[in-house]
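Please keep the sequence and the structure in view while reading.

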Amino acid sequence: MTSRRRVVVTGIGAVSPVGLTAESTWQALISGVSGAGQITAFDPTGFKTTIAAEATDFDAEAYFERKDARRMDRCTQFALVAANEAMEHSGLVIDPEGALAARAGAVIGVGFGGMSTFIDEVRVLDDRGPGRVSPIGIPKIIANMAAGTVSIEHNLMGPVSCAVTACSASANAIGDAAEIIRRGAADVMVAGGAEAAITDFAVASFAQARALTSRNDEPQRASRPFDLDRDGFLMGEGGAALVLEEREAAFARGAEILAEVTGYGMSADAYHITLPQPGGMGAARAMTAALADAAITGAELDYINAHGTSTDANDATETAAVKIALGEAAHQVPVSSTKSM
């Protein structure tokens with residue numbers, strides 16, 4: 001049997017509430033810096049939740065010409081900035097006339113896509129009429145525009161798609177991109193995700209669903225996954241990207257290998273539109289599949305970065321899922337969630 005192609009990580013990029021690069025984000029995370037604060041994207045007066053984790057230092061015009069920035073929703077801006085950093089980190093420059101262009105692609109996950117543009121344009125339609133709606137409103141809104149823009153910027157002419165699977169979109173994007181390389185359909189993939197949905201509608205809707213924290217007076221202590229006093233999640237924004245490459249090709253060009261994607265699993269509860277199925281079996285199936293795909297046991301894991309939403313329903317279910325998937329090893333493997341930051 002022919003051994004399957006191996007997939008490695010050669011570049012990382014990020015823009016987040018705690019840093020505008022992957023390195024600054026990492027340093028903030030290991031220093032325990034929180035990006036939470038009072039909402040500035042809109043006036044939250046009267047809202048149940050008035051706090052979020054905004055990338056307040058992000059200025060699109062520091063990265064793009066003004067006319068180009070105006071043609072992209074904030075979600076796409078985040079994705080492109082992260083992808084640009086990841087590509088620079090990898091050392092890859094793809095010639096549009098070269099053979100690699102057709103063997104390179106992108107999968108960028110989003111939950112909503114251009115939500116702020118959508119809300120703004122609907123308000124323009126209501127207040128000023130159809131003749132004032134932007135002609136590029138739809139291109140700014142659609143979920144796959146982040147992946148498409150990354151493709152255009154870096155001459156990625158192979159598989160380009162978008163994972164739209166809510167909170168798991170970025171993880172699915174990385175797994176899907178790795179599978180594309182594994183099966184031989186591409187040699188390079190930019191994979192990751194972005195979101196920019198701190199809007200009045202989203203915050204109000206999540207709050208009405210009783211999913212958001214109401215610890216408004218303690219924003220930096222509000223998101224506390226697995227803590228006894230957790231009371232809901234905190235909305236954030238940003239983007240992150242990885243450059244994935246076929247292992248032998250990466251070695252051949254002398255790339256620095258940062259990590260390897262060894263296993264991937266997907267599952268569903270088939271239970272409820274928002275709540276996880278009690279008991280954790282649905283999430284455990286994804287973990288078990290990933291371990292089997294990587295041909296390792298739970299005891300070989302060094303760390304689990306949990307979904308960790310800081311809600312009662314998720315944290316209890318996810319804890320149970322880890323115990324099902326890892327068995328006795330669950331008591332030895334460290335677990336935390338970057339959502340706390």
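A crossing of two helices is called left-handed if the near helix is turned anticlockwise from the far one by less than a right angle, and right-handed if clockwise. Helices (H or I, at least four residues) and strands (E, at least two) are DSSP runs, numbered from the N terminus. With these terms, H3 passes H6 in a right-handed crossing.

The model is predicted: local features need pLDDT of at least 70, side-chain atom pairs count only at pLDDT 80 or more, and totals for chains, interfaces and linings use all residues. Residues are numbered from 1 along each chain as its sequence is written, and side-chain values use heavy atoms, with hydrogens and water left out.

- Helix H3 covers residues 74-90, and its 17 residues should span 24 Å at 1.5 Å a residue; the expected span is 1.5 Å times one less than the number of residues. The end C-alpha atoms of H3 are 24 Å apart, which agrees.
- Of the 17 residues of H3, 12 are buried, so that the helix is mostly covered; buried means under 20% relative accessible area, exposed over 50%, and partly exposed in between (1.4 Å probe, protein chains only).
- Among the buried residues of H3 are Cys 75, Phe 78, Leu 80, Val 81 and Met 87.
- The buried residues of H3 pack against strands S1 (7-15), S4 (104-109), S6 (188-195) and S7 (238-246), and also against helices H2 (66-70) and H6 (145-154). Contact here means heavy atoms within 4.5 Å.
- At the N-terminal end, Asp 73 caps H3, with a side-chain oxygen 2.8 Å from the backbone nitrogen of Cys 75. A polar contact is a pair of N or O atoms within 3.5 Å; within protein, one must be able to donate a hydrogen and the other to accept it, and residues adjacent in sequence count only if both atoms are side-chain atoms.
- Just after H3, Gly 91 has a positive phi of about 80°.

- The axes of H3 and H6 come within 9 Å and cross at roughly 40°, which makes H3 oblique to H6. Axes are lines fitted to C-alpha atoms, for helices over the stretch in contact, and angles run from 0 to 180 degrees between N-to-C directions.
- Angles under 35 degrees count as roughly parallel, over 145 as roughly antiparallel, 65 to 115 as roughly perpendicular and the rest as oblique.
- In the crossing of H3 with H6, the contact is made by Thr 76, Ala 79, Leu 80, Ala 83, Asn 84 and Met 87 of H3 and by Met 145, Ala 146, Thr 149, Val 150, Glu 153 and His 154 of H6.
- An α-helix has 3.6 residues a turn, so residues three or four places apart point the same way.
- Helix H11 (residues 281-294) and helix H12 (residues 312-326) have axes that come within 8 Å and cross at roughly 40°. This angle makes H11 oblique to H12, and H11 passes H12 in a right-handed crossing.
- The residues in contact include Met 281, Ala 284 and Leu 291 of H11 and Val 322, Ile 324 and Leu 326 of H12.

**Helix H4**

- Helix H4 (residues 115-128) has 14 residues, which should span 20 Å at 1.5 Å a residue; its end C-alpha atoms are 20 Å apart, in agreement.
- Met 115, Thr 117, Ile 119, Glu 121 and Val 124 are the buried residues of H4, and they pack against helix H5 (137-141) and helix H8 (200-208).
- Gly 129 follows H4 and has a positive phi, near 95°.

**Two arginines**

- Arg 230 lies in the loop between helix H9 (219-222) and S7. With a relative accessible area of 18%, Arg 230 is buried.
- A polar atom of the Arg 230 side chain lies 2.9 Å from the backbone oxygen of Asp 227, and the backbone oxygen of Thr 311 lies 3.4 Å from a polar atom of that side chain.
- Arg 285 belongs to helix H11 and counts as partly exposed at 38% relative accessibility.
- The backbone oxygen of Ala 268 lies 2.9 Å from a polar atom of the side chain of Arg 285.

**Positive phi outside glycine**

- Ala 166, in the loop between strand S5 (160-161) and helix H7 (169-182), has a positive phi near 55°. At 53% relative accessibility, Ala 166 counts as exposed.
- Ser 310 has a positive phi of about 75° and is found in the loop between strand S9 (304-305) and H12. At 0% relative accessibility, Ser 310 counts as buried.
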